[in-house]
Amino acid sequence: MSDVTVNPPAHSEPELKRVMGPGLLLLFVVGDILGTGIYALTGKVANEVGGAVWVPFLVAFLVALITGFSYLELVTKYPHAAGAALYTHKAFGIHFLTFMVAFAVMSSGITSASTASRAFAANFAEAFDLDIGNGIAVTAIALVFMTVVAAVNLRGVSEGVKLNVLLTCVELTGLLIVIAIGLWALGFGDGDFSRIVEFDTGERTAVGGVIVATTLAFFAMVGFEDSVNMAEECKEPSRIFPKVLLAGLLLTGLIYVLVSISAIALVPAAELGQGDTPLLKVVEVGAPAFPTHIFAYITMFAVANSALINMLMASRLIYGMARQNVLPRPFGHVGERRRTPYNAIIFTTLLALGLILFVGEVPELGGTTALLLLAVFTVVNIAVLVLRRDKVAHKHFHTPTPLPILGALSCGFLVTPFTDRNPAQYAIAGVLLAIGIALWGLNYLAIRAMRAQPLATEPPAE
């Protein structure tokens, strides 16, 4: 594979348009973290740990926060698209590792977006009282939805991020409603807040139950890493990223803890863990007069937001890798009119459509996505320490050295089988990475073949 340059090479075609200030970036970070995870996983976490459902969310937040400090140093030091893959290559210079990190991040984003589109279809049917019990109808709605997401993405990041602002406000409103209902229950004695200190981990110890639950809860915290792939479309990224990313992580962490406490205070863990709509149960129990069908709309918008941001991230990741000469150059092309990476958007959309059409629901999606990203975070935390020897001319954020060490150890541990993670998650991740290895081999052979061809301008042999 061709080398990755330290700085993006000069191009005659236009650069990405810098449209994101602190406000839009904060909403992007918050909107990317909030979404499918907290709306769907609260009950699953309760199944593993009992009433102390807030503890795994707090642990997941702390692990994400530590890794967030590592991302801050790297994104302010190298404010370019490509994120973890760029940092991996700068630190280790191993083309295969760079490609696999990029493929893992992209796969997690596209798979999450594809599954979110199917969740959108199911909630769409519930919101509009449609009887679409067969899988074909759900798949058709999901395909149409993903096509709309692609159209928004192709139109431009400004339009995509502005739509993200609207959807983020909607999903945030839903979570604030749950918190408000919890506070109402606390004030009028309708909730049992003694449950929040009860552990029910089955045959596991309390620590073991929290670890297993954290591997699920961590899926709700991922998303902050997507923002680094938008660096080239931000105004003054080296200055605004630290405050914005930390504010986004702190805000979402606080919301998750309050939501989980409200949920368990109103609904016992055994009931909360049944079905796929735990927060809807909380609203039904805590505020029976509240029009609960509204939550179908809120959940629909929440997963729509997750899909939009994940597809924005995936396309920018492909674009950034191409600009760094790691992926084929056409993926780095930017449209003259809309200033968007159209080839990268089309490619990632086709992959998403393929997943929706031929794979459908991915088993253990949340755990598998978290597994892939925890492996990537382990590499990123190590890369911070390795890249300390690479000095740059501009000022950048500098994280305290113990944090990336702790981040590498904690993320690495959560990847191992010692967490009692469902083996199916390793199987799914293995298949995805095997596809990545196959694509890397094909790309490597194509580049070698291209280099072996004589230049068209060479004079004919005499």
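Mentor: A helix crossing is left-handed if the near helix is turned anticlockwise from the far one by less than a right angle, and right-handed if clockwise. Here α3 passes α8 in a right-handed crossing. Please note that this is a predicted model, in which local features need pLDDT of at least 70 and side-chain atom pairs count only at pLDDT 80 or more, while totals for chains, interfaces and linings use all residues. Residues are numbered from 1 along each chain as its sequence is written, and side-chain values use heavy atoms, with hydrogens and water left out.

Trainee: At what angle do helix α3 and helix α8 pack?

Mentor: Helices are DSSP runs of H or I with at least four residues, strands are E runs of at least two, and both are numbered from the N terminus. Axes are lines fitted to C-alpha atoms, for helices over the stretch in contact, with angles from 0 to 180 degrees between N-to-C directions. Helix α3 covers residues 54-77 and helix α8 covers residues 206-221; the angle between them is about 60°, and their axes lie 8 Å apart. This makes α3 oblique to α8, the class left after roughly parallel (under 35 degrees), roughly antiparallel (over 145) and roughly perpendicular (65 to 115).

Trainee: How many salt bridges does the count come to?

Mentor: The rule asks for a side-chain nitrogen of Lys or Arg within 4 Å of a carboxyl oxygen of Asp or Glu. By this rule, there are 4 salt bridges. One of them joins the side chains of glutamate 48 and arginine 204, at 3.0 Å from N to O. Glutamate 48 belongs to helix α2 (residues 36-49) and arginine 204 to the loop between α7 (157-188) and α8, so the pair ties together parts 156 residues apart in sequence.

Trainee: With which aspartate does arginine 204 form a salt bridge?

Mentor: Arginine 204 pairs with aspartate 420, with the closest N and O atoms 2.9 Å apart. This pair links distant parts of the chain, 216 residues apart: the α7-α8 loop holds arginine 204, and the α15-α16 loop holds aspartate 420.

Trainee: Is arginine 388 buried or exposed?

Mentor: Relative accessible area decides: buried is under 20%, exposed over 50%, and partly exposed in between (1.4 Å probe, protein chains only). Arginine 388 counts as buried, at 17%. The side chain of arginine 388 meets that of glutamate 73 in a salt bridge, at 2.8 Å from N to O. Arginine 388 sits in the loop between α14 (365-386) and α15, whereas glutamate 73 sits in helix α3, 315 residues apart. Glutamate 73 is likewise buried, at 1%. By contrast, arginine 204 is partly exposed at 30%, as is aspartate 420 at 43%.

Trainee: Which residues form a nonpolar patch on the surface?

Mentor: Patch members have over 30% relative accessible area and no salt bridge; like charges are joined within 9 Å, nonpolar side chains (Val, Leu, Ile, Met, Phe, Trp, Tyr) within 5 Å. The patch comprises Phe92, Ile94, Phe96, Ile382 and Ile437, with about 390 Å² of accessible area together, computed by the Shrake-Rupley method with a 1.4 Å probe, where for residues only the protein chains shown count as cover. Within it, isoleucine 94 lies in the loop between α4 (83-92) and α5 (95-127) and is partly exposed at 44%.
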